[in-house]
Structure formats: C-alpha cells, structure tokens
Amino acid sequence: MDMGKYSIGVDYGTQSGRAVLVEIGTGREIATAVKPYTHGVMDEYLPDGVTRLEPDWALQHPRDYLEVLEETIPELLRTSGVRPEDVIGIGIDFTSCTMLPIRRDGTPLCFDPRFERHPHAYVKLWKHHAAQDEANKLNEIATERKEPFLARYGGKISSEWMIPKIWQILDEAPEIYDAADAMVEATDWIVMQLTGKLVRSSCPAGYKSIWHKRTGYPSPEFFKALHPRLERIVEEKLWGPILPIGSKAGELTEAMARRTGLVPGTPVAVGNVDAHVSMPAVGITEPGKMLMIIGTSTCHVLLGTEERAVPGMCGVVEDGIIPGYMGYEAGQSCVGDHFEWWIENGVPPAYWDEARREGIGIHELLTRKAAQYRPGETGLLALDWWNGNRSTLVDADLTGLLLGATLATKPEEIYRALIEATAYGTRMIVETFRASGVPVDEMYACGGIAQKNELMMQIYADVLNMPIFIGASTQAPALGAAMFGAVAAGKARGGYDSIEEAAREMGSVREKPYTPNPSAVRVYDELYREYARLYDYFGRGENNVMKVLKRLKSAAVQEEVKTC
Ligand SMILES: Nc1ncnc2c1ncn2[C@@H]1O[C@H](COP(=O)(O)OP(=O)(O)O)[C@@H](O)[C@H]1O
Ligand SMILES: O=C(CO)[C@H](O)[C@H](O)COP(=O)(O)O
C-alpha cells in the first residue's frame, strides 16, 4: 500500500455537511470540518420570510450544499497540511430521498428568480412528509395492480420517497413539473456539480425511486395509472445513466477544483446515501450484522443473501450497500429529532441554567438525570412516532404518544421514556426481520448519538437483549464516503479495487460493546410487550384517532394559510 495518500468524504446530514480527510490504508481521520446549513431546514417559511409552508413540509436550499464544499474542503487542506495532489479521491453521501427539480445543465429551479418564491422549486428534504396523499394513492393503485415491486418495499412506498414527491409537484405545481428537465437526488446533484455530468447512483435509485437492477423502473402503464402525465416520467424526469455504488462517476472539473482547492481530474465516486455508506466504515461486509445509524432519525441497514419480503421495511436492493449482497433498509423517522423536540418545547429554564452552570449541554444534563432511574421507574411508556412511522407501518400520518404521565413526572423522565420508545421501535424492526427469515445476529451503532449517549446505548442493549458494537469513527458516513472515494480512485492510484478491501483496512468498531444487563432485560421485556400492544392499537386499527386529529389539524391550518 502506497502510504501518504488521502481521500475526502463529505456527509450531507439534515442540519449540516461534514467533511473528513482520511488516510488510505489506516482509516485515520486527519482532519474534519463541519458547515451548518445557512438556511437550515425550512419547515415554516421560504428564505423570503413571508412565503408560508403548509404542515409536513421540509425544504432545503441547494446553495447551502455548495457552501459545504467551498468551506469544508479548503479547511481540511489548510488544517491538515495535506497536499491537494495527495488527495486521490472524493466520495459523497447524503440524506435520502432528498430531491430537487433542475434544468438540464444542473441549475436548480429555485435559483431562477421566477421561481424563488415557489416552494416546489426548492429541495424536498427526506423528511418532507407532505406527499402522503400521493403515497397513499400510489400504494392503493400498486396493490390493486399487484405490482411485484411492492414486496421489495415492505408492501408500501413511503411519502419520503422520489415518486410521491415528484407526483406532489405535478399535482400542486404543474408549472414546476413542466419547467424541470430532471428530478434528481441531492447526492447525484452534488456529484454532478463536482464532475459536470449527471450520473445517478444505484443506491438511492434502488431504495427511493423504485428502480431494480434487473427490471429497471416500474412500467409506463403503472405510472400512467397514477397520472396520465407521469406515463413518461422515466424518460422525461429520471433520465441519466444509473451506475453501481463503488464505481467512479467522473472527475473533478477545473471550476470545482478552483472552488475547493483540489486538483482537477481527482476521481469522484458515484453518490451514496448516509446510512448505506456507513456499513463499510464500521467494517461490516457480511450478512447478519445490523447497523443502526443514529442521528436526527435512525436507519437500520443489514446484508442478506436472499431477497425476502419483510413487512414495512424500507427496501431490499441487490448490491444496494455492498456489491454481491442483498442490502436491506428499515428506519425510524425521528430519533434525535424526538429528543430535540422535547428539549426545545418541554424543558424548563431552570434546567438550561443548570446545564450552563455545569458547563455541559442540555442533552448531557438530561441524560445524566435520566440515568438515575431504573427501567420501569418512570412509569412512562411512549410511542416514537413524533415524525410518523417509517418502519414497520410506513405511515407518516401517525403521531406521538406518551402514557403514564402524572403531576410528579419530571423532564428527565420524559427524556428517558422517549429514548426507550426509540429502542422499542428498533426491537420491533429487528423482530420483524427475524420473523421474515432475515437473520439479525449482531447489532452495531454509529452516528453522533451512538458516540455521545452511553445511557441510550445501554438501554438499546437491554431492550434488544443483544450487545451493541459502536463504530470507532465519530463521522462514520463521511468515512464511508471517503472509502468509496478511494475505491473510485482504484489501486493503481493508491486506493482500492473493492469496498471490501477498503473496509478491511479502514473500517473499525470500538473494542468494548455495550452488554445487556439481565435484570433490565426482564423489565424491558414486559414494557416492550405493552409497547407492541399500543403499536398495534394506534398503528393498525381502523378509524385511527391519530388520523382524525391529523385531518382536523390540516383542515384548520389550510384555512389559516388561505386567509393569510
Ligand atoms: N447527547 C445526545 N443525546 C441524544 N441526542 C442527541 C445528543 N446530542 C445531540 N442529539 C441529537 O442528535 C441529532 C443530530 O444528530 P447528528 O448525528 O449530529 O446529525 P444528522 O442527523 O444531521 O446526521 C439532533 O436531533 C440532536 O437533538
Ligand atoms: O432515509 C434515509 C437514508 O435512507 C435518510 O438519509 C435518513 O433517515 C436521514 O438521515 P439523518 O437522520 O442522519 O439526517
């Protein structure tokens, strides 16, 4: 191995972009840079501050993504002192399905002054849930037509994904649909900015756009049954070559080299998705090992040898994670967001003052207080659906529930109950995979929270009754992206010829896992049974009260938007 060569990975999360410069051969992270998005997540107003967004919208500004490249990459080079010519490859990963309408040359429609006040011209972030009506109709039609693809997506297509999002644009803003020459995943858009050409990645195409390696997209007849104007959606809006992950998308253009400080011609990997790209970063390249990528939300990824239908999974895609295997994905739509909601809306000023006095963050304070309780001691049980349910019910209209609160309930008890709820949600996913014949033998975790919150990881070990291994890197997705950058460069340039080779040398986990505590396991078993009962009652029942509440809320907000 030629030492002294490096690769850069850029991980586009929900709130910020994070870049790492990694040493090939060891995976050592030489430098890290973070750029919070200037516009953050736009869920109430457009950047003009007056154009109001309806409930369940979540947009982003594509200019923020370019700022990430322009600020973090020069910072990596500056702080590390690494010479640009020693950076042999770049890889990108993104949250997904995060998508945008663009012109043929890649210009986002929201850059056009005619559309800058048009919400549908912006990036729809993965957690934009306002296409639920379209997702519901799509699922009904696909079920009626017995579309074979449904089984690969756990029986339902999520409102978070590409086709419902495109259909929402067509339904609500046909002028934007018409003006768009293409609809692209943000990961493919950034790669297009770097290389100057549109190459779609097989990973988001497979998981989020209903594309299959052997059979391609669903038929024009299916799309026509959704809406006559969608019949030619593939040729009109989803065109472009689809390349497998692990291949090279192209090379850095002169213009982007100037903006980043790198060398023109540096190989750029086909774009990836934040969850999937993390697997090799913790060294997993074989079946049976489920990885949780815990952040704003949680994604669960797992390799298998056969294509099995798992109810409510996000998807199974051949070669979707590691070439040669079936890659399974499931997820929870809010995890970190769940805790953040509570911190921002429920934690009283005295707690914030205490955290300041102690010189620690509010998460740390609540975690420290919550750790004083035994399993079951709070008397609380929650459903983790504050941002809908992604797996196994696949329903963005479901909402949160907290049971057992009294006048004596403290903020840290609720914080603990929310953590426990996310652990039960994960157990539901694990049990569903097992019941469907997909083995889950070992559990791994990575992402910011897995690194920071020991109480949470211990609760997960106790609820799942399995050891939890933690990825060694604090930036697993960015490390994974950098590894794919090294594979795009290839052995001849000092990189690797396969992601397995890269994973062997550059991926790793911490030495000590969190191990289950038998007395906690017993209590959590009982609590989980109650969670599962609530899950069925509120998640699967007819005339669901959560749906009634949602309908009344939407009607009231729409009335208000109209009168604004
Ligand atoms: N110590 C902590 N314990 C639990 N959650 C935390 C902690 N610190 C931050 N969070 C939550 O983590 C989320 C951010 O996760 P992170 O992995 O940094 O980002 P992203 O989702 O953008 O990849 C936020 O929702 C925040 O509320
Ligand atoms: O669905 C996804 C991957 O398939 C999203 O990218 C993910 O849920 C959002 O990631 P994060 O919570 O880390 O911002």
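Student: From which domains does the shell around ligand 1 draw at least three residues each?

Tutor: From domain 1 (6-279 + 475-506) and domain 2 (336-468 + 517-563); the bounds come from an automatic or database domain assignment. This is a predicted model, in which local features need pLDDT of at least 70 and side-chain atom pairs pLDDT 80 or more, while totals for chains, interfaces and linings use all residues. Residues are numbered from 1 along each chain as its sequence is written, ligands are numbered from 1 and chains lettered from A in the order in which they are written, and side-chain values use heavy atoms, without hydrogens and water.

Student: Which residues come nearest to ligand 1?

Tutor: A residue is near if one of its heavy atoms lies within 4 Å. Of the 17 residues around ligand 1, the nearest are Arg18, Thr296, Gly336, Glu340 and Asn453.

Student: Which helix gives the most to the shell around ligand 1?

Tutor: Helices are DSSP runs of H or I, at least four residues, numbered from the N terminus. H12 gives the most, with four residues.

Student: What polar contacts does ligand 2 have with lysine 208 and serine 297?

Tutor: A polar contact is a pair of N or O atoms within 3.5 Å. An oxygen atom of ligand 2 is 2.8 Å from a side-chain N or O atom of lysine 208, and one lies 2.6 Å from a polar side-chain atom of serine 297.

Student: How much of ligand 2 does the protein cover?

Tutor: Accessible area comes from the Shrake-Rupley method with a 1.4 Å probe. Ligand 2 has 370 Å² on its own, and the protein covers 95% of that.

Notes: Helix = DSSP H or I, 4+ residues; strand = E, 2+ residues; numbered from the N terminus. Polar contact = N/O pair within 3.5 Å; in protein donor to acceptor, adjacent residues only side chain to side chain.
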